[in-house]
Amino acid sequence: MDKVELKAYGKINLGLDVIQRREDGYHELSMVMQTVGLFDKLTLSKIPEDKICLTTNLDFLPIDKNNLIYRAILTMKERYGIKEGVRAKLEKRIPVAAGMAGGSTDCAAALRGMNQLFHLGLSKEELCDIGVTLGADVPYCVVGGTVLAEGIGEKLTMLPAMPRCCILIAKPGISVSTKFVYNNLKLDESTFHPDIKGIVDSIKKGNLKGICDRLENVLETVTIPNYPVIQEIKEFLEEYGARKALMSGSGPTVFGIFTSKNAAYKALRAMRSIKEVKQAYVVDPVGREFIGGTKDEQ
Ligand code: ATP
C-alpha cells in the first residue's frame, strides 16, 4: 500500500462548559462532542525522498510545521524511525477557525493515515496518546462519534450514538480567535453552567428533545456580545423550525438541529438572505464506526 485516502470529519458541541482555569493556562472543560458529516479529504502517499510535502486547496493555510498535518506526520516519522517521505494532499471543506476542530481532525486523520500507510498496528488508544501531544481535541478526533470530553478535552467517555436528526451548519464570514474567547470568559459564581449531565442522560435515553432542551455553550457569553450575527443566525434557524440552535466551540459556526430533512433544506435555501453567512451545509450526525485507520477495526 503506497497511498491512503482518509475522511477527516468536523465536530459540533452539543454542550460546552468551562469548569475552571488551570495554573498552566489550560481550561478544564466538560463537553459533549458530536462528529458531523462534513469532512476534509486527506491523501497520504509514500515518496522515496525523506521529506514531507503538504499541499492544500486553500492557499492561506500553512503547509509547514504550523499545519497540524505536517506535525502529525513528522511526529510519527520520528517516533517510529520512518525513513521514507510522505506527500500529503488536503482538500479542505470544513470551515477554518470556526469551532469545528478542523485542524485537530486533519491531525487525527494524518495519525490514522500514517498508522495504515506504514502498517504500524497502533490502537486508537495509542494514537490518542500521541494525539494529545499535538492538540487537546486530537484524541477526540481520533475516536469520533458521540463523546463526553473532560479534562482539557482528552478524557473521553464514549456515549451511544445521537438520535437521528438533521443538522444545518452555518458559518458567518468572520474570524473569531479562540484565545480571545477564553481570555474574556468570566468565570465566577454567577457563571451559568450548561447541564452537561442532562445532555449525557438524554443521549443515553435516545431523547432528542431532552438533548435540544439542554443545548448550551458557555462560550456564547463572550462571542455573541462581540459578534451579534451569531445570535441572528440562531434566531433565524429556530424561526425556520430548528428544535434548537447553538454556537459550536468558540464559534463563529452556528448549528441548528432539525427533525425534518425538508425543513432543514428549506432553512438552508432561505439562509441565502443572510449575507454574512458564507458557508452552509445540511449534514447528519456521524457515528464512530465510520472513523477508520486503527488496528481496532481491521
Ligand atoms: P477548534 O474547534 O479546535 O477551536 P477551529 O475549527 O476553531 O478549531 P481550525 O480550523 O483548526 O480552528 O484552525 C485554527 C488555525 O489553525 C488556522 O487559522 C490555521 O492557521 C491553523 N491550522 C493548522 N493546521 C490546520 C489545518 N490542517 N486545517 C486548518 N487550520 C489549520
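Contact here means heavy atoms within 4.5 Å. The model is predicted.

**Helix H6 and its surroundings**

Start with helix H6, which covers residues 196-205. Its buried residues are Ile 196, Gly 198, Ile 199, Val 200, Ser 202 and Ile 203. What do these buried residues pack against? They pack against strand S1 (3-21), strand S2 (27-47), S5 and helix H7 (208-214).

An α-helix has 3.6 residues a turn, so residues three or four places apart point the same way. With that in mind, look at Ile 196, Ile 199, Val 200 and Ile 203, which are among the buried residues of H6.

Lys 205 also lies in H6. Is Lys 205 buried or exposed? Its relative accessible area is 70%, so Lys 205 is exposed. The C-alpha atom of Lys 205 is separated by 9.2 Å from that of Pro 163, 42 residues apart along the chain. After H6 comes Gly 206, with a positive phi near 70°.

**Two pairs of packed helices**

Two packed helices are described by the angle between their axes and the distance between the axes. Take H1 (residues 68-79) and H2. Their axes come within 8 Å and cross at roughly 30°. Angles under 35 degrees count as roughly parallel, so H1 is roughly parallel to H2. The crossing of H1 past H2 is right-handed.

Which residues of H1 meet H2? They are Leu 68, Ile 69, Ala 72, Ile 73, Met 76 and Lys 77. On the H2 side, the partners include Cys 107, Ala 110, Leu 111 and Met 114. By class, this contact has 9 nonpolar, 3 polar and 2 charged residues.

Now turn to H2 (residues 102-117) and H3 (residues 124-131). They pack at an angle of about 130°, with axes 10 Å apart. H2 and H3 are therefore oblique to each other. H2 passes H3 in a right-handed crossing. From H2, Leu 111, Arg 112 and Asn 115 take part. From H3, the partners are Leu 127, Ile 130 and Gly 131. The classes here are 3 nonpolar, 2 polar and 1 charged.

Leu 111 and Asn 115 of H2 meet residues of H1. Leu 111 and Asn 115 also meet residues of H3.

**Residues up close**

The table lists relative accessible areas for some single residues.

| Residue | Relative accessible area | State |
|---|---|---|
| Thr 146 | 3% | buried |
| Ser 250 | 7% | buried |
| Cys 165 | 9% | buried |
| Ala 101 | 13% | buried |
| His 119 | 57% | exposed |

Thr 146 sits in strand S5 (residues 146-151). A polar atom of its side chain lies 3.3 Å from the backbone nitrogen of Met 162. Thr 146 also touches Met 33, Gln 34, Ile 203 and Arg 288, among others. Ile 203 is one of the buried residues of H6.

Ser 250 lies in the loop between strand S9 (244-247) and strand S10 (254-258). What does the side chain of Ser 250 make a polar contact with? The partner is the side chain of Thr 178, at 3.1 Å. Ser 250 touches Gly 99, Val 176, Val 181, Leu 219 and Thr 223 as well.

Cys 165 is in the loop between strand S6 (155-158) and strand S7 (166-172). Cys 165 and Thr 259 are 94 residues apart in sequence, yet their C-alpha atoms are 5.0 Å apart. The contacts of Cys 165 include Leu 208, Ile 257, Phe 258, Asp 284 and Pro 285.

Most residues other than glycine have a negative phi, and most peptide bonds are trans.

Ala 101 is not a glycine, yet its phi is positive, at about 60°. Ala 101 lies in the loop between strand S4 (85-91) and H2. His 119 has a positive phi too, near 50°. The loop between H2 and H3 holds His 119.

The other spot concerns a peptide bond. Gly 251 and Pro 252 are joined by a cis peptide bond, with omega about 5°. Pro 252 lies in the loop between S9 and S10. Ser 250 lies in that loop as well.

Notes:
Residues are numbered from 1 along each chain as its sequence is written. This is a predicted model: local features need pLDDT of at least 70, side-chain atom pairs count only at pLDDT 80 or more; totals for chains, interfaces and linings use all residues. Side-chain values use heavy atoms; hydrogens and water are left out. Axes are lines fitted to C-alpha atoms, for helices over the stretch in contact, and angles run from 0 to 180 degrees between N-to-C directions. Helices (H or I, at least four residues) and strands (E, at least two) are DSSP runs, numbered from the N terminus. Angles under 35 degrees count as roughly parallel, over 145 as roughly antiparallel, 65 to 115 as roughly perpendicular and the rest as oblique. A crossing is left-handed if the near helix is turned anticlockwise from the far one by less than a right angle, and right-handed if clockwise. Ala, Val, Leu, Ile, Met, Phe, Trp, Tyr, Cys and Pro count as nonpolar, Asp, Glu, Lys and Arg as charged, and the others, Gly among them, as polar. Buried means under 20% relative accessible area, exposed over 50%, partly exposed in between (1.4 Å probe, protein chains only). A polar contact is a pair of N or O atoms within 3.5 Å; within protein, one must be able to donate a hydrogen and the other to accept it, and residues adjacent in sequence count only if both atoms are side-chain atoms.
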